[in-house]
Protein chains: 2
Amino acid sequence: MADKKLVAEITSMDEDFTQWYTDVCIKADLIAYSHIKGFMVIKPYGYALWENMQRLLDDRFKATGVQNVYMPMLIPESLLKKEGELVNGFAPEVAWVTAGGTEPLTERLAVRPTSETVFSDFYKDDVHSYRDLPRLYNQWCSVVRWEKETRPFLRSREFLWQEGHTIHATKEEAEERTQQMLNIYSDFLAEDMAIPTIKGQKTEKEKFAGAEATYTVEALMHDGRALQSGTSHFFGQKFSEAYDITFTDKDNQLKYVWQTSWGVTTRMIGAMIMVHGDNRGLVIPPHIAPIQVDIVPIQQKKEGVLDKAYEIRDMLKGFKVKVDDTDKSPGFKFSEQEMRGIPLRIEIGPRDIEAGKCVICRRDTFEKIETPIDGIQEKVAEVLAAMQKDMLAKAKAHMDEMTYEAASTEDFRKHFENQLGFVKAMWCGEKECEEKIKEDLGVTSRCIPFEQKKLSDTCVCCGKPAKKMVIWAKAY
Amino acid sequence: MADKKLVAEITSMDEDFTQWYTDVCIKADLIAYSHIKGFMVIKPYGYALWENMQRLLDDRFKATGVQNVYMPMLIPESLLKKEGELVNGFAPEVAWVTAGGTEPLTERLAVRPTSETVFSDFYKDDVHSYRDLPRLYNQWCSVVRWEKETRPFLRSREFLWQEGHTIHATKEEAEERTQQMLNIYSDFLAEDMAIPTIKGQKTEKEKFAGAEATYTVEALMHDGRALQSGTSHFFGQKFSEAYDITFTDKDNQLKYVWQTSWGVTTRMIGAMIMVHGDNRGLVIPPHIAPIQVDIVPIQQKKEGVLDKAYEIRDMLKGFKVKVDDTDKSPGFKFSEQEMRGIPLRIEIGPRDIEAGKCVICRRDTFEKIETPIDGIQEKVAEVLAAMQKDMLAKAKAHMDEMTYEAASTEDFRKHFENQLGFVKAMWCGEKECEEKIKEDLGVTSRCIPFEQKKLSDTCVCCGKPAKKMVIWAKAY
């Protein structure tokens, strides 16, 4: 049956989560593969999602004084190499430009993998006095990292992101900005994307190359794997020393600036798919949905049905509404709306019209709400708000349900032999233990959460005295 | 005097227009040079301008059904080479990626100079039936072209732009779209940027590599040089044949699609500077100004002055308003506001407050308008609207004044030996004449304007029978 066909084409998430994910990316029309490995085409529906996310985040940034700029895409090798840790971290992943037109270049240029170096080089000449500080710059752009394994949104050789780079007169102010941006990510993910996260600090092993401290928001996907969803870095004076970014302070002393950077990427779309999606396809939180309401006329050839559908659309001012007036069957239209994760479907047929009613169907719960057409505007606002809130609550309940505590080595190992999820366990602070856990179980430290709890006295790996509680998981 | 210093630092445009232009770009805080030739940093003030332009243009695009997407930044050499004319046109300007991480690539990848090839490659698999058409896609991104001579905004190795790429079932529809987008550019430039343009078709010699026809909007800068400010291309079926983009039409026949592309770039910011700027700096049309009103308190340490300034700011709802409450002198603040081209300055001092008045000063005419504080909202709206309108009228008058007709070869040559401007003159249609005129006079054909007039019977270069009236100019 044509009605069922669209749905039948996606693999069940319970059977094969990985294949389900790829199916949704393609069938919900978010992306297409290009002819270069690891490079994808973001199609209109996927890009509209990104535009909505951009606007909401950009407003949050600007409300804290952040300004947008644009920095060169290509970075001379010598400039990239000034800070040793960063280049060592990124060297294996850089795409190199070696010729401009018919001429070979005298120096290789990196396609930016991240722009700390370029911002530092710019700030060096741009800042002289404490009066010039802070500088709170951000850019929206694409970056290239030559990853070996690639998957749509989650890990690709080119991806879209924003990278904020700020410099400050004092350590305290830079540290505060690092936390402020992490909180913006966490708030945006919770309030707009309905994705709960755990905030914490990355271990030395997992932190960003060149950073003094990296903070992260970690989300848990439906299958129990973790996804790093945003990071904020405190650089101290590492880059300002390497790139010589100094300023004359109030006390007339020449000092190095204190620096941060922070970024989120199109990867958040991957998180949205894997946190909210189900076996019928995408489920998009109302705040970021490109289309919020899909009106499907029933028996649309009957007189007055299409007119009423358009009338309802016109009543829904301030919402993103589409009338599906194509000649497909209602069942096919339902499947398509469900696949694309449009939050609400309104069904309107001759009998509804007669009764002055219509049916609202929620994408997240499939709940059907019969409602008078009069007052539809308020009802839709109410249902969308409820859905936005319930989606976060549901995701939070799922995360909590899949978060475990392991007090002993045995508990810890046994857990990961059988299942996924976040596991809280104590750690001695040594890199060797992280490496061993990764090697034995494929599990990484996601973060040292800000909310600490003492589960036992000893490291879950080596048995030596424990220093911190860490969240562990298998991750994307 | 400190007050004068800021202004004294820019070269007079009458003395050295080129140096004036560079001075304005730097002193008005639009850009900074980076450490790679031809790559610039777009600073917050310059980027805010671009964001405003983007939003206004994007709204115009979307109102005609255009959807945004994102295509890969890197293009395999073999893909780029499928359409011979395009690659020949761009080959000397392509930046080539030859290594990914530590591995050399088996095939060179071009950093996109333009994306006809990538869109074509995508459309090939994306479109099957006439029901899938038209596709009206656009992307906002950066492109790289290895130019020899570079100047901020006008010609740089990397620049920001939008590129629209559409495919259609019929030739007529594609031709209509080509004109529609040209009209959007012309309307946007006139209505939002206050820049008048002449619409026309490029000659064979000047058209885009691979296009069947290129249409252009040509603007005239204050110094009398032309600037190509936007182009729209009709490709016919050239790319669809080269890339095999076919569809099954209503008549069940397999056909090639008809294609267009169209783009504008950050170059339009250069046009704005050179059309509206003066010896005090930038003059920004109100519609695209990052700050529309700069409130400068006079004797701001006197009680009540700053409060009144903030009060006026709060009264100006819906406008982009800044109170300059820094400790600089009013004269310095005036210079800065003028340099940055902020449309209106409001001066408010103790005596004004006593009288319940303030002074509005227009950046374009320096007119001072004394006005009651009550009703300031309406007055500002009125003055901004007048300024937007007057700026276009002034630019139009300047363009008309510098547009000449040359009926004879002698007139034509004599004109360009002594002055600049647009010159209308007849042309035989031969490339050789264009080449000779360029060689002898440094003058190029800007376009064959849609509005034709028969000025004489013979070509202004060779004396043979003329076919078309062409607009000629020295250009940026």
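A strand, as the word is used here, is a DSSP run of E with at least two residues, and strands are numbered from the N terminus. Keep that in mind as we walk through this predicted model.

Chain A has a mean pLDDT of 95, with 98% of its residues at 70 or more. Residues 1-5 of chain A are another story: their pLDDT is below 50, and beyond near neighbours in sequence this stretch has five contacts in the model.

Now look at where the two chains meet. Here 51 residues of chain A are in contact with 51 residues of chain B. Together the chains bury about 4,000 Å², and 63% of that is on carbon and sulfur atoms. Pro44(A), Tyr70(A) and Met73(A) supply 15% of the area chain A buries against chain B, more than any other three residues.

There's charge at this interface too, with four salt bridges found across it. Lys43(A), for instance, forms a salt bridge with Asp126(B), and their closest N and O atoms are 3.5 Å apart. On the side of chain A that touches chain B, strand β5 (residues 95-100) gives the largest share, six residues. By class, that side has 31 nonpolar, nine polar and eleven charged residues.

Finally, zoom in on Glu370(B), which sits in strand β19 (residues 368-372) of chain B. Glu370(B) counts as exposed because its relative accessibility is 52%, and the cut-off for exposed is over 50%. Even so, the side chain of Glu370(B) makes a polar contact of 2.8 Å with that of Lys357(B).

Terms used:
Residues are numbered from 1 along each chain as its sequence is written. Chains are lettered from A and ligands numbered from 1 in the order in which they are written. This is a predicted model: local features need pLDDT of at least 70, side-chain atom pairs count only at pLDDT 80 or more; totals for chains, interfaces and linings use all residues. Side-chain values use heavy atoms; hydrogens and water are left out. Helices (H or I, at least four residues) and strands (E, at least two) are DSSP runs, numbered from the N terminus. Buried means under 20% relative accessible area, exposed over 50%, partly exposed in between (1.4 Å probe, protein chains only). A polar contact is a pair of N or O atoms within 3.5 Å; within protein, one must be able to donate a hydrogen and the other to accept it, and residues adjacent in sequence count only if both atoms are side-chain atoms. pLDDT is the predictor's confidence in each residue, from 0 to 100. Contact means heavy atoms within 4.5 Å. Buried area is the accessible area (1.4 Å probe) that two parts lose on being put together, summed over both. A salt bridge is a side-chain nitrogen of Lys or Arg within 4 Å of a carboxyl oxygen of Asp or Glu. Ala, Val, Leu, Ile, Met, Phe, Trp, Tyr, Cys and Pro count as nonpolar, Asp, Glu, Lys and Arg as charged, and the others, Gly among them, as polar.
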